[in-house]
Amino acid sequence: MLKTWLKLLTPADVILIMVILAGAAGSCFLISHQKAGALAYIYREDALFGIYELNKSQTIIISESCTAEIRDGRIRMLSSDCPDQICVRQGWTNALPIICQPNRIVIEIRSSEQSEQMHILH
């Protein structure tokens, strides 16, 4: 059955398959590379609370009612006293921001390259 499928493939099909596989491999490399140098910028009430490396596991007490956790190159809001718990239910992320609107907390993920560019601009 495999031989039948191989006979149906044109050279363009083979090239398309190779491009897709190369793109997938490149995406995996970029994602793993981003995790290694990613930083979490935590803002509380529009002011920078702290900058944390995602490759160092730790628990961060942002306020008496909000706690974040970093583990395995990702971050999550571990606990919050907000009514809907959207920030807590969002779960782990290494790319998307976490926003706790009632407590005015924002967690933003940046690569180390983005952080360096931001310092150059300011």
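Author: Here's a walk from the core out to a hairpin, a loop and a surface patch. Bear in mind that this is a predicted model.

Let's start inside. The largest nonpolar core has 19 residues, and those that touch the most other members are I62, I75, M77, I105 and I107. Who supplies this core? Two or more residues come from each of β1 (39-44), β3 (58-63), β4 (66-71), β5 (74-79), β6 (98-100) and β7 (105-110).

Setting aside neighbours within four places in sequence, I107 has contacts with A40, Y41 and I42, with A68, with I75 and M77, and with P97 and I98.

Two of the contributing strands, β4 and β5, deserve a look of their own. They run antiparallel and are joined by five bridges, with R71 standing opposite R74 in β5. Together the two strands make a hairpin with two residues between them, and in that turn D72 has a positive phi of about 55 degrees.

Now follow β7 to the loop between it and α4 (112-121), where you'll find S111. Its relative accessible area is 12%, so S111 counts as buried. Beyond its neighbours within four places in sequence, S111 is in contact with G37 and A38.

Last, the outside. L9, I17 and L21 make up a nonpolar patch on the surface, with about 260 Å² of accessible area together. L9 sits in the loop between α1 (2-8) and α2 (11-37), and L9 counts as partly exposed because its relative accessibility is 34%.

Note on methods. Residues numbered from 1 in each chain as written. Predicted model: local features only at pLDDT ≥ 70, side-chain atom pairs only at ≥ 80, totals over all residues. Heavy atoms only, no water. Core = buried A, V, L, I, M, F, W, Y, C linked by side-chain atoms within 4.5 Å. Buried < 20%, exposed > 50% of the residue type's maximum accessible area, 1.4 Å probe, protein only. Helix = DSSP H or I, 4+ residues; strand = E, 2+ residues; numbered from the N terminus. Contact = heavy atoms within 4.5 Å. Patch = residues over 30% accessible without salt bridge, like charges linked within 9 Å, V, L, I, M, F, W, Y side chains within 5 Å. Areas by Shrake-Rupley, 256 points an atom, 1.4 Å probe, with all protein chains shown as cover. Salt bridge = Lys/Arg side-chain N within 4 Å of Asp/Glu carboxyl O. Pairing = 2+ DSSP bridges.
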